[in-house]
Amino acid sequence: MSTQTESRTMASGWAATGDLPWARQWDGMNEGPVLLPDGRVLAAGGGNNRGAVTYADAALYDPGSGQWTVTGSLATSRRLHSLTVLPDGKVLAAGGFHGHPSTSPNILTSAEVFDPATGTWSPTGSMHTARCNHHAIALADGRVLVMGGGSERPPIDSLVIAAAEIYDPATGTWTETAPMIHARAAFPAVLLPDGKVLVASGLVETGGDLVGLTFCEIYDPVDGTWSPTTPIGTPVPLETGRPRVGAQMVALADGTVLVTGGHTGGPQNWNYAPFSLGESERYDPATGKWTDAAPMGIPRDEFRLIRLDSGKVLAIGGLEYGGYDAGYQNSEIFDPATGQWGPLIGLTIGRAKFGAVKLADGRVLIAGGAAVLANAGPDGNHVLITKTDLFTP
């Protein structure tokens with residue numbers, strides 16, 4: 001590592017590092033960059049200008065050099081897909097949609113696997129159900145659970161689904177498992193200490209609008225079943241805006257779970273409060289209950305939430321959903337010990353819809369995203385960025 005790189009990484013806070021080879025946005029729950037076992041970061045696919053274009057490009061970031069290098073492209077361009085690291089260090093890309101939305105049907109069942117040793121993608125078994133804007137999570141036994149999202153089933157152009165299935169890396173095949181109790185898309189999920197999976201919030205389509213959910217449920221991979229748990233916002237009345245779309249959620253070191261941010265619904269008919277949420281809640285698996293936590297200093301949508309090695313949680317960037325025009329140029333830290341959010345820490349550039357990943361050395365990498373969104377952009381287009389920042393705690 002060069003002296004310049006060493007001096008850059010020693011100071012606490014955000015600093016610029018090597019740019020992405022192309023401007024890109026990632027607004028799905030887990031379509032953004034992932035950490036490989038060798039310490040590098042893989043970014044693949046994504047979209048542009050509200051997702052009207054999808055990409056197959058892929059690149060690798062080397063924390064030692066601070067640079068991105070282009071690697072083998074996906075066989076199929078995709079956006080709102082999922083990237084999941086497998087036990088052998090390879091990466092599974094599943095689902096998403098391909099091409100312009102006008103070319104329906106364009107939601108994918110296909111999946112492919114990236115081999116970091118060769119820098120190439122290979123096809124693997126296809127899912128039983130086409131889906132995008134879903135969630136995928138690696139189970140404790142190395143299999144991958146994929147659930148929910150949006151699909152296409154004639155005569156309906158798009159449909160939020162509850163279907164779930166499991167990928168077995170040993171065989172390269174998918175097996176259907178019990179569907180979720182509630183159909184949902186744009187939702188977070190975390191692995192609990194006992195190996196079960198907690199799913200919270202998300203959206204459904206109804207009456208021509210997008211509706212945020214309070215419902216939460218838990219998947220047990222041993223018996224392949226879902227069970228309900230306490231909804232978020234309980235016992236807060238629904239009209240206070242506690243249903244969430246696009247919330248972020250992380251498991252904390254003590255086994256509890258933090259959820260925060262997102263918005264309540266819309267924007268087709270604006271039947272719901274058109275603002276980002278700052279409220280936070282904490283789930284205790286031992287009791288199955290949510291309790292209120294301190295709100296973020298700034299309500300955020302299209303942001304990222306990362307747990308640091310210290311056990312604290314970093315909320316990064318995002319935007320005001322009602323304004324929907326410019327990315328925030330700040331971050332803030334939640335301390336589970338005090339239950340409070342800390343002071344704002346400035347980014348080098350404002351961004352939303354970006355990728356974020358914690359590196360092996362504890363630093364946090366953020367890449368790409370939109371600095372300005374279509375409502376405020378030239379000719380109604382997003383202003384996407386190549387800029388990559390590193391946070392040193």
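Me: Over how many bridges do strand E26 and E27 pair?
Reply: The model is predicted: local features need pLDDT of at least 70, side-chain atom pairs count only at pLDDT 80 or more, and totals for chains, interfaces and linings use all residues. Residues are numbered from 1 along each chain as its sequence is written, and side-chain values use heavy atoms, with hydrogens and water left out. Helices (H or I, at least four residues) and strands (E, at least two) are DSSP runs numbered from the N terminus, and two strands pair if DSSP finds at least two bridges between them. Strand E26 (residues 280-284) runs antiparallel to E27, and the number of bridges is 5.

Me: Which residue in E27 stands opposite Ser280?
Reply: E26, residues 280-284, pairs with E27 in the antiparallel sense. The residue of E27 opposite Ser280 is Ala293.

Me: What is the bridge partner of Leu60 in E7?
Reply: Strand E6 (residues 58-62) pairs with E7 in the antiparallel sense over 5 bridges. The partner of Leu60 in E7 is Thr69.

Me: How many residues apart are Glu112 and Arg78?
Reply: The side chains of Glu112 and Arg78 meet in a salt bridge at 2.8 Å, N to O. Glu112 is in strand E10 (residues 111-115) and Arg78 in the loop between strand E7 (67-71) and strand E8 (82-85), a separation of 34 residues. A salt bridge needs a side-chain nitrogen of Lys or Arg within 4 Å of a carboxyl oxygen of Asp or Glu; a search of the whole structure finds 16 of them. The separation asked for is 34 residues.

Me: Why does Arg78 count as buried?
Reply: Buried means under 20% relative accessible area, exposed over 50%, and partly exposed in between (1.4 Å probe, protein chains only). Arg78 counts as buried because its relative accessibility is 1%.

Me: Are Glu165 and Arg131 buried or exposed?
Reply: Their side chains meet in a salt bridge of 2.8 Å, N to O. Glu165 lies in strand E16 (residues 164-168), and Arg131 in the loop between strand E11 (120-124) and strand E12 (135-138). Both residues are buried.

Me: What is the relative accessible area of Asp361?
Reply: Asp361 forms a salt bridge with Arg363 at 2.8 Å, N to O. Arg363 is buried at 5%. Asp361 is partly exposed, with a relative accessible area of 48%.

Me: Which residue has its backbone oxygen 3.1 Å from a polar atom of the side chain of His81?
Reply: His81 sits in the loop between E7 and E8 and counts as buried at 1% relative accessibility. Beyond neighbours within four places in sequence, its contacts (heavy atoms within 4.5 Å) include Asn30, Glu31 and His134. The backbone oxygen 3.1 Å from its side chain belongs to Ala44.

Me: Which residue in E37 stands opposite Leu365?
Reply: Leu365 is in strand E34 (residues 364-367), where it and Ala367 are buried on one side and Val364 and Ile366 on the other. In strand E33 (residues 355-358), which pairs with E34 over 4 bridges, Val357 stands opposite Leu365. E34 also pairs with strand E37 (residues 388-392) in the antiparallel sense over 4 bridges. In E37, the residue opposite Leu365 is Leu390.

Terms used:
Polar contact = N/O pair within 3.5 Å; in protein donor to acceptor, adjacent residues only side chain to side chain.
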